[in-house]
Structures are given as structure tokens and as C-alpha cells.
Amino acid sequence: MKKQLIILSTFALLLGGCGNEESKASKVAAIKLTEQEIKDAGNNSNIGAQILVKKAVLKEMNGVKYTEDEKKELEELKKNVEIEYFLNKKAMETTNVDDMEVLQVYQNNIDKLKEADIVTILPQLKEQMLLQRREEEKVKYMNSLVEKYDLNSELKKYFPEIEKPVEKVKAVEDKKEIKKETSKKTK
């Protein structure tokens, strides 16, 4: 009798477990690509996979309750992303790299790049130059805001002990030049 009860219990648990697997499978099946998403992905299954995973994450996020601190942090992150988007947009309005400039950089660095395939390296150089110029333009724009809104004077009102005005934001390249000069002096 005990044997039959144990076998019957085990069988019931197995059936119950299989039922849960079906519900999990049906939840996964509920996440699908739309016709437009399929079209946008082209023949790239990686893009399709990214869209599906994004949809799954968004679905999981629906039930999440955030604390007040987490909500504030999310709002701050949203602001920062929007600011970065705006700065990139402003910088792209004036940033350009033409093919002749890229070719000149390639020729100036041909010793370092002689092993690289020119068909591969030229687009990479152009992208790097564009990113560098975009960063420089963002810095210029932020510095123009310091001047436009007289932010140094405003800062002195709140922090009078500051003797020097805020130094202008410097591009990454300025820091590299300082490091080069320092390393030359120490040699």
C-alpha cells in the first residue's frame, strides 16, 4: 500500500512538473517579432535575437517595483543619457572628416600601419577621427556655455574661496600631450 502511494505521489509530481514546463514554454512563445521588426532585421539573426531579448527584458521589467532611491537614480540616468544624446547631436552638426584627411593620417603613420589591410584600416581610421572630433566639439560647446552663461562668476557666488575660475574642459588629446611631454622630460 505504501509503495503504491509513493509511486502515485511521484507520478503526480512528475505530471505537475511537466505542466509547469508547458506554461514556461507558452510564456516564451508569447514574445514574437512583428513583421516590421523582421523586415528591419533583414537577414541578420543577431539583430532578431537582440530584439527578442529586449522584449523579454521589458516584459520582465513590467512587474518590478522600484524604491524611491532607485526611482531617483533612474531619473538621473535618463537625464544623463539625454544630455549625452544632445551633446552628440550638437557635435555632429559641425563634425566632419573627409577622405583626404584620413588618407593623410594613414600616410603619416604608414610605418605603424604597414601590416594592416588598407581596405580595413581606412574606415576604422575615419571612424576614430570622427569620434575624436566629436569629443572635441562637445568640449568646445560646453566651454561656450561656460562663457555664454558666465558660469565662473556664478560659481564664485556659491564658493567664494575658489581663487581660480573653473578651468575649461579639456579634450582627451590635451591630456595625452601632457603625458608625452612628461615622459620625454623624464627620459
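**Figure 1. Salt bridge between Lys55 and Glu37.** In this predicted model, the closest N and O atoms of Lys55 and Glu37 are 2.7 Å apart. Lys55 belongs to helix α3 (residues 45-61) and Glu37 to helix α2 (residues 35-41), so the pair ties together parts that are 18 residues apart in sequence. Lys55 is partly exposed, because its relative accessibility is 24%. Glu37, at 19% relative accessibility, counts as buried, since the cut-off for this class is under 20%.

**Figure 2. Salt bridge between Lys71 and Glu68.** The side chains of these two residues, Lys71 and Glu68, meet at 3.6 Å, N to O. Both residues lie in helix α4 (residues 68-94), where a spacing of three residues separates Lys71 and Glu68 by about one helical turn. Lys71 has a relative accessibility of 40% and therefore counts as partly exposed. Glu68 reaches 51% and counts as exposed.

**Figure 3. Salt bridge between Glu93 and Lys89.** Helix α4 also holds Glu93 and Lys89, which are four residues apart, about one turn of the helix. Their side chains meet at a distance of 4.0 Å, N to O. Glu93 is exposed, with a relative accessible area of 51%, whereas Lys89 is partly exposed at 48%.

**Figure 4. Network of salt bridges linking Glu84, Glu135 and Lys138.** Three residues, Glu84, Glu135 and Lys138, are joined here through a network of salt bridges. Side chains of opposite charge can pair when their charged atoms come close. In total, the structure contains ten salt bridges, including the pairs Lys55 with Glu37, Lys71 with Glu68 and Glu93 with Lys89.

Terms used:
Residues are numbered from 1 along each chain as its sequence is written. This is a predicted model: local features need pLDDT of at least 70, side-chain atom pairs count only at pLDDT 80 or more; totals for chains, interfaces and linings use all residues. Side-chain values use heavy atoms; hydrogens and water are left out. Helices (H or I, at least four residues) and strands (E, at least two) are DSSP runs, numbered from the N terminus. Buried means under 20% relative accessible area, exposed over 50%, partly exposed in between (1.4 Å probe, protein chains only).
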